[in-house]
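Hi everyone, thanks for coming.

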Amino acid sequence: MSTTERTSVVSGFYKLPIEKRREFVTHFANLSEDDVKIFSSCLDLATADRMIENVLGTFELPLGLAVNFLINGKDYIIPMATEESSVVAAASNAAKIARIKGGFSTTCSEPLMIGQLQLLHIGDVVTAAHEILKHKEQLLILANSQDKILVDLGGGARDLEVRILDSPLGTMIVTHLIVDVRDAMGANAVNTMCEALAPMLEEISGGKVRLKILSNLADKRLVKATAVFDKEKMGGDRVVDAFLESYTLASIDPYRAATHNKGIMNGIDALIIATGNDSRAIEAGAHAYAARDGQYTALTRYHKNNNGDLVGEIELPMAVGVVGGAANMHPKAKLCRKILGISSARELAEVVASLGLAQNFAALFALSTVGIQKGHMSLHAKNIAVMAGAQRGEIEKLADQLVHNGKVKLDYAKELLEKMRKKAK
Ligand code: MEV
């Protein structure tokens, strides 16, 4: 492993001991000694106690590193917090293949979040809707007076939209407040603004405001990532065709699309958690967006280009923040942002989308060729080796033999270990 060049490409990263992996990250992301200590620390109880209620302790997850990512011409190493084996390796492999044709390219819309105000018990709905729109400027001024800091940073309430919805309770008006939240996830800013607008909306419309809350279907805050996957590296035309056949099922069948998108979220959630963002918000937005046309479908699309290479694309809402919330309280989340070297919520969103596409490509590639169990088995075999009593140097050796013999079973592992030890004497 060379540490003189700043590249995210490291071959055999998984074979390095943890200390060496930390050395690589330290060099790549210019970490301090104090930063490195955070890897081994737990969230302190006082901070945890300020984050949620009734705290008992903290809950740990493995934090791994996906390598090889080239996004918009910049090298990234991506911290991922997940309990699922193979996910980090799969993302790294996909990124390695994507690099051959230039890596991931992304685009992102402005960071516009939507707040909803639900208006009920209105006499004349059409007149009320017109009145609301007539007072748009005053409503926006009132919304912006709630968050001077956001406005000073160049964000703030931008627009107001009015929707008329029929319901079992009668017709209601749902007013959407569109807010540019800059580098925040935005829930606090939007919810505060919505609550502040409610009395004025009631006065204008003569109705009653019930819900006033952010929508997690952040479809005005979209990110898109694309990549070309080299057909030769994939194994040729037949593999690309097999890949497209596998993908097609997700594009037409919600049963498959759910699993397909789950695989995407394997990557996305791991980075969202590592950066202290709200994984439920991202999940909700992603799945609602996947069903935007009335049928739940895949969040990615694939086709073959003229060269026969596979082109992949992902598009989804991405309400992530790099300021506020847990992102700023959790030392590991701050460290993960430093490792990523990101400077804005937009850049984080672009990395998240690229990772989601990589994860999906890796899953479909495995499913269309060797299947996913092979990848899962090597880590599972290591766990079985440990359970069988293997020590340090024995673990890898025993696990390799279990996988090679196609019998990743505890009894067999114990038997092999005994034989290995007898042979070593
Ligand atoms: C497993 O966590 C995720 C996969 O099922 C995704 C997929 O099927 O595309 C492998």
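So, which element gives the largest share of the lining of the second largest pocket? Keep in mind that we're looking at a predicted model. The answer is helix 8, with 4 residues.

Let's stay with that pocket for a bit. The second largest pocket holds about 710 Å³ of space, and 28 residues line it. Met 185, Gly 186, Ala 187, Asn 188 and Gly 325 lie nearest its centre. Several elements give two or more residues to this lining, including helix 7 (148-152), strand 7 (208-215) and helix 12 (279-290). If you sort the lining by class, you get 14 nonpolar, 9 polar and 5 charged residues.

Now for the domains. The chain is divided into domain 1 (13-109 + 222-369), domain 2 (112-214) and domain 3 (374-424). Domain 1 and domain 2 each give at least three residues to the lining of the second largest pocket.

On to the ligand. Which side chains come up here? Glu 84 has a side-chain N or O atom 2.6 Å from a ligand oxygen. For Lys 262, that kind of distance is 2.7 Å, and a polar side-chain atom of Asn 266 sits 2.9 Å from a ligand oxygen. On its own the ligand exposes 300 Å², and the protein buries 85% of that. Helix 11 (254-274) and helix 15 (345-368) each give two or more residues to the shell around the ligand, and the largest share, 6 residues, comes from helix 11.

Conventions. Residues are numbered from 1 along each chain as its sequence is written. This is a predicted model: local features need pLDDT of at least 70, side-chain atom pairs count only at pLDDT 80 or more; totals for chains, interfaces and linings use all residues. Side-chain values use heavy atoms; hydrogens and water are left out. On a 1 Å grid over the protein atoms alone, a cavity is a set of points where a 1.4 Å probe fits but cannot get out, and a pocket is an open set with protein on both sides within 12 Å along at least five of seven lines; lining residues have an atom within 4 Å of a point. Grid points are joined across faces, edges and corners, and a volume is the space filled by probe spheres set on the points. Ala, Val, Leu, Ile, Met, Phe, Trp, Tyr, Cys and Pro count as nonpolar, Asp, Glu, Lys and Arg as charged, and the others, Gly among them, as polar. Domain bounds come from an automatic or database domain assignment. A polar contact is a pair of N or O atoms within 3.5 Å; within protein, one must be able to donate a hydrogen and the other to accept it, and residues adjacent in sequence count only if both atoms are side-chain atoms. Accessible areas come from the Shrake-Rupley method with a 1.4 Å probe; for residues, only the protein chains shown count as cover.
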